[in-house]
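Look over the model first, then read on.

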Amino acid sequence: PICETVRMALRLLDAEGLTATSQGRSGVRIRHPEPERVARSLVQLFTLTGATWGDLLAFRSMLEPAAAAHVAEYATATQRKRIAAVAERGIAPDGTGYHEFHELLVQASENPLLTTVLAAIEQAVRWAAAEQDITQYDRDEAARSHRAIAAAITAKDPQKAHRRMEQHLNAALRHVEASGLRGAPMIPPSRWSGENSDLPWR
């Protein structure tokens, strides 16, 4: 019975792409879940539950200010420099810089649960936001917020980092409200196809 349970567990992990088989005595190795793979599952969940942009920002507001405060207090010098460097580069028209900043910040928390969940959420946001009309003004505002958060992290000021991240997410909420998207589903069911593509609903 125990062997059968182990075999069943391995089959489930293999179905999710979380196992790797190597030749020799090492046998089956369990992989760390990739954010992209977790994100695809989350995208399906968002579709089925009708999760809105307002839901997303409320969720992020519960976690990311605390993560920023934690990183401001405990990050290494190298992590602080990397976060500051990405913030200084700003945000490109295709969104490059925005997602990298948030991903670096949660990685610096070195909490595997937070890193996996928020990195997957960030990837889902990357897919969903690809079809939004983000203006240069919006990108510049977000970039300024990133620099303010990075400055607080560099200064090892957790209270300020928490406050700056809160302000950043509140600004994002104002943007989706102004766009009429607060109550809109992040990914409407009509756009989900489940096909293996860069944007999973196409």
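Is S109 buried or exposed? S109 counts as buried, at 8% relative accessibility. Buried means under 20% relative accessible area, exposed over 50%, and partly exposed in between, with a 1.4 Å probe and protein chains only.

This is a predicted model, where local features need pLDDT of at least 70, side-chain atom pairs count only at pLDDT 80 or more, and totals for chains, interfaces and linings use all residues. Residues are numbered from 1 along each chain as its sequence is written, and side-chain values use heavy atoms, leaving out hydrogens and water.

S109 sits in the loop between α5 and α6. Helices are DSSP runs (H or I, at least four residues), numbered from the N terminus. Leaving aside residues up to four places away in sequence, S109 touches H70, V71, L114 and T115. Contact means heavy atoms within 4.5 Å.

Helices α5 (residues 98-108) and α6 (residues 112-129) pack with axes 9 Å apart, at an angle of about 175 degrees. Therefore α5 is roughly antiparallel to α6 (angles over 145 degrees count as such). Axes are lines fitted to C-alpha atoms over the stretch in contact, and angles run from 0 to 180 degrees between N-to-C directions.

The contact residues divide by class as follows.

| Class | Residues in the α5 and α6 contact |
|---|---|
| Nonpolar (Ala, Val, Leu, Ile, Met, Phe, Trp, Tyr, Cys, Pro) | 4 residues |

Note on methods
Helix = DSSP H or I, 4+ residues; strand = E, 2+ residues; numbered from the N terminus. Parallel < 35°, antiparallel > 145°, perpendicular 65-115°, else oblique.
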